[in-house]
Amino acid sequence: MATMLSITGITKNFGVESSRRLRGRGVEVAPRALALDGVDLEVTKGQFHTLLGPSGCGKTTLLRSIAGLERPDRGTISLAGTPIFCSERRINVVPDRRGLGMVFQSYAIWPHMNVFKNVAFPLGVTRVDGRRMPRAEQRARVLEALEVVGLGPYADRPATNLSGGQQQRLAVARALVTRPSLVLLDEPLSNLDAKLRESMRFELKRLQRETGVTMVYVTHDQSEALALSDVVTVMSAGNIVQSGTPREVYDRPASLFVAQFVGSPNLLPGTVGSGGGATSRVECVLGAVAVAAANGAARPGARVQVLMRPEDLTITGAEEKGANGDGANGFDGVVAATAFEGERVRHHVEVAGVTVECHSERHRAFPAGARVRLTIAPEHVRLVPEEGAPDPGTREAGALTGADA
């Protein structure tokens with residue numbers, strides 16, 4: 001697959017220029033920490049690529065650098081093999097000549113224009129061979145873009161009379177109307193309510209598949225990233241810490257940060273013991289845990305974090321037969337709290353002095369105080385390198401309390 005976007009060694013420190021100006025006035029100011037610290041990234045043509053991470057990790061700064069709205073201190077950004085920024089060669093193509101589409105968090109809808117004119121606006125300022133695009137072609141492109149996003153019947157409606165979801169689709173249509181090779185999206189769903197946000201995820205994915213346009217999407221919402229993306233790139237403190245398919249990032253986190261940030265994991269410090277063949281044994285507070293050798297093999301004596309996802313744990317009554325069949329790991333505990341969440345029930349279970357979270361289907365709930373058994377197959381247990389994880393005994397129960405039982 002051809003490379004659409006190539007980023008090499010991009011570094012950005014917002015404190016450098018302001019610090020120089022202040023030092024010139026005799027004021028000593030330390031530069032701010034790097035927003036981007038030598039980032040390398042490749043996005044292939046037709047890919048839906050998501051930058052995921054907490055606030056302040058550098059994902060929006062990277063997106064704005066691609067768009068030309070921020071100027072990096074050094075590095076290179078190329079689009080389809082052509083540099084649009086290169087610090088060494090002093091190349092910095094202005095934003096409106098980069099041929100990109102962008103959807104902002106606020107949508108940036110023109111309130112005094114109708115739907116048609118909002119979408120047509122980029123074409124009115126675009127020049128082809130130094131000439132303005134003919135009106136007939138502009139109209140054809142606008143109507144095509146509106147049809148793609150399902151807003152064809154609303155062309156003459158005032159933009160302010162659209163719903164939140166329709167305004168979001170309008171912003172996407174405006175980004176697509178110039179037929180860009182790359183569309184950048186900066187948390188475009190964050191202003192929508194939960195139900196509409198979920199439906200718009202499918203709309204965005206459908207649009208990307210149908211148009212074939214390459215998209216780079218920024219979000220801090222892990223469920224959004226997993227649902228939409230072909231590739232998820234996780235960022236922390238101005239660096240990329242892991243990049244892979246949604247399933248790879250979720251099932252095989254490369255670091256403790258990724259394991260903690262993506263999903264709601266149970267993480268227990270442990271020490272690798274003896275092993276051989278298909279499984280190895282890890283000693284942790286729950287006892288000896290069998291782990292499939294392919295899930296993070298480490299030498300005996302190594303310190304690791306044992307990762308068990310709540311949805312991979314099965315909860316049954318302590319006296320149920322077959323509760324620990326097929327060679328699964330089994331742990332006895334007492335339910336501390338439960339919460340009914342519609343499509344599932346979330347349980348917090350006290351096992352050997354620590355709280356373990358597990359999920360069950362909606363019709364199977366255990367009240368607080370019930371004695372239960374948790375089981376998990378060795379192939380669903382992962383080992384993550386030890387990096388000073390928090391004490392699992394201090395895990396908070398979040399929204400769960402005994403009253404929820």
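Is E357 buried or exposed, and what is its relative accessible area? I found E357 to be buried, with a relative accessible area of 4% (buried means under 20%, exposed over 50%, partly exposed in between, with a 1.4 Å probe and protein chains only).

I noted that this is a predicted model, in which local features need pLDDT of at least 70, side-chain atom pairs count only at pLDDT 80 or more, and totals for chains, interfaces and linings use all residues. Residues are numbered from 1 along each chain as its sequence is written, and side-chain values use heavy atoms, with hydrogens and water left out.

Entry on salt bridges. I looked up the total and recorded 13 salt bridges (a side-chain nitrogen of Lys or Arg within 4 Å of a carboxyl oxygen of Asp or Glu).

Entry on R346. I found a salt bridge between the side chains of R346 and E357, at 3.7 Å from N to O. R346 lies in strand 20 (residues 344-351) and E357 in strand 21 (residues 354-361), so the pair ties together parts eleven residues apart in sequence. Helices (H or I, at least four residues) and strands (E, at least two) are DSSP runs, numbered from the N terminus. R346 is buried, at 14% relative accessible area. I also recorded a network of salt bridges that links E341, R344, R346 and E357.

Entry on R206. I found that R206 forms a salt bridge with E203 (3.0 Å, N to O). Both lie in helix 6 (residues 194-211), three residues apart, about one turn of the helix. R206 also forms a salt bridge with E210, with the closest N and O atoms 3.0 Å apart. R206 is partly exposed at 29%, E203 is partly exposed at 24%, and E210 is exposed at 54% relative accessibility.
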